[in-house]
Amino acid sequence: MDMDQMRPGADSPSMAAGVSQAPQRSLGTASDEVRENLLDLVPADAEARLQSFAAESGEPAYRAAQVVRRLWLNPVDSFAEMTDLPVTFRAQLDAHFVLPRLKLAAHQRSTDGTQKFLFRLHDGQTIETVAIPDGNRLTFCISSQAGCALQCSFCATGLMGFSRNLSPSEIAGQVRELALLDPPLRPTNIVFMGMGEPLMNWRAVGPALTILNDPRALGIGARHITVSTVGILPGINALAERPEQFRLAISVHAPSDELRRELMPVNTRYPLASVIDAAKAFDRRVTFEYVMLGGVNDSPDHSRELAALARECRAFVNLIPLHPGGAGNFTPTSEARIAGFARELRAGSVEVAVRKSRGMDIAAACGQLRTERTRRRAPRSAEEHADVDVA
Ligand code: SAH
């Protein structure tokens with residue numbers, strides 16, 4: 001598809017207006033230089049804010065719900081396009097609020113239907129979103145941070161280093177942008193397996209989860225939304241406290257502290273046993289993610305140890321083929337050995353799936369598109385999010 005037809009955020013007036021840095025602040029007059037970003041608010045807060053705004057503007061209270069429907073459910077680029085509202089009210093809204101767009105900087109489509117989008121944020125940061133079709137499902141793999149601080153040894157995003165946390169509107173906005181394409185792309189499933197560590201940005205991921213799930217906003221069932229983490233305990237606890245049935249995936253990648261420390265520096269802060277305890281305490285079924293690294297974590301001993309951990313918390317294991325050419329000097333485990341590893345886990349009474357590699361021809365591994373664009377190095381791969389069937 002022609003890139004220029006795929007530029008939802010290009011030259012939008014909202015982009016030029018910038019992004020509100022103080023979404024919670026109540027701004028009374030049109031002369032304020034910073035307009036409120038309605039997309040940073042969860043639907044209940046947006047509706048409450050719009051109700052008081054409607055009252056001030058002499059409009060009936062039901063206008064608030066009308067506007068909320070046009071933020072996420074049936075989104076538009078600008079207030080001017082909310083043609084179900086009176087023209088004067090649209091102008092008043094525009095004077096007080098913004099609906100910031102993410103600018104589509106690049107788009108690639110794989111022969112297998114996987115599509116990858118690179119979005120440029122208001123401050124020039126870039127993030128990636130991947131749309132992965134599989135049968136009746138369309139899974140969006142979304143980013144929660146620009147870059148990542150965790151430095152997992154096989155991951156390209158880690159090599160970029162951490163730039164900043166995304167805001168709720170930048171996280172949920174990735175889904176909104178794809179709904180604004182022509183034709184729109186609407187997901188059945190969401191996985192937080194793009195750039196960043198979602199549970200190190202709970203402040204924004206929490207509200208973004210609400211926006212993704214709330215029927216007044218994106219309306220995606222909580223069981224179809226998976227948060228993937230290296231095991232940030234305070235974040236896992238925060239997710240566990242949510243009443244919705246959001247799913248949790250844990251990047252395990254090694255069955256012992258010694259090996260895990262080598263692959264994932266974060267293991268020093270949150271050792272494996274504590275992460276397993278948190279998984280046990282989580283009241284919903286957890287998925288383990290396990291990237292297969294040839295000669296590193298793929299022996300029969302490893303599968304035995306991993307099976308014991310998975311049984312302990314009744315986890316479902318997702319084996320992920322290493323995306324070739326990733327960070328570090330790792331070799332992918334052969335297909336035959338991955339199948340053997342899966343058999344060993346099954347023999348150990350563990351449910352397991354092998355993730356399919358998708359979008360190989362478009363560098364659909366997260367981190368890769370941004371890496372190519374910033375020309376830091378020759379293309380290197382990162383996360384492969386392939387078949388994100390998580391239980
Ligand atoms: N920080 C979170 C979410 C982002 S990474 C987490 O670590 O879970 C999403 C998944 O992609 C993680 O399981 C990560 O380990 C995996 N991944 C990273 N680099 C990869 C690569 N080169 N090949 C395959 N999977 C990779």
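How are helix 2 and helix 3 oriented relative to each other?

## Basis of the model

This is a predicted model, in which local features need pLDDT of at least 70 and side-chain atom pairs count only at pLDDT 80 or more, whereas totals for chains, interfaces and linings use all residues. Residues are numbered from 1 along each chain as its sequence is written, and side-chain values use heavy atoms, with hydrogens and water left out.

## Helix 2 with helix 3

The axes of helix 2 and helix 3 (residues 62-69) come within 8 Å and cross at roughly 135 degrees, and the two helices are therefore oblique to each other (angles under 35 degrees count as roughly parallel, over 145 as roughly antiparallel, 65 to 115 as roughly perpendicular and the rest as oblique). The crossing is right-handed.

Pro43, Ala46, Glu47, Leu50, Gln51 and Ala54 of helix 2 meet Arg63, Ala64, Ala65, Val67 and Val68 of helix 3, where contact means heavy atoms within 4.5 Å. By class, this contact has eight nonpolar, one polar and two charged residues (Ala, Val, Leu, Ile, Met, Phe, Trp, Tyr, Cys and Pro count as nonpolar, Asp, Glu, Lys and Arg as charged, and the others, Gly among them, as polar).

## Helix 2 with helix 4

Helix 2 (residues 43-56) also packs with helix 4 (residues 87-96), at an angle of about 120 degrees and with the axes 11 Å apart; this pair is therefore oblique, and the crossing is right-handed.

Leu50, Phe53 and Ala54 of helix 2 make the contact with Phe89, Gln92, Leu93 and His96 of helix 4, a set with five nonpolar, two polar and no charged residues.

Methods: Axes fitted to C-alpha atoms, helices over the stretch in contact; angles between N-to-C directions. Helix = DSSP H or I, 4+ residues; strand = E, 2+ residues; numbered from the N terminus. Left-handed = near helix turned anticlockwise from the far one by under 90°.
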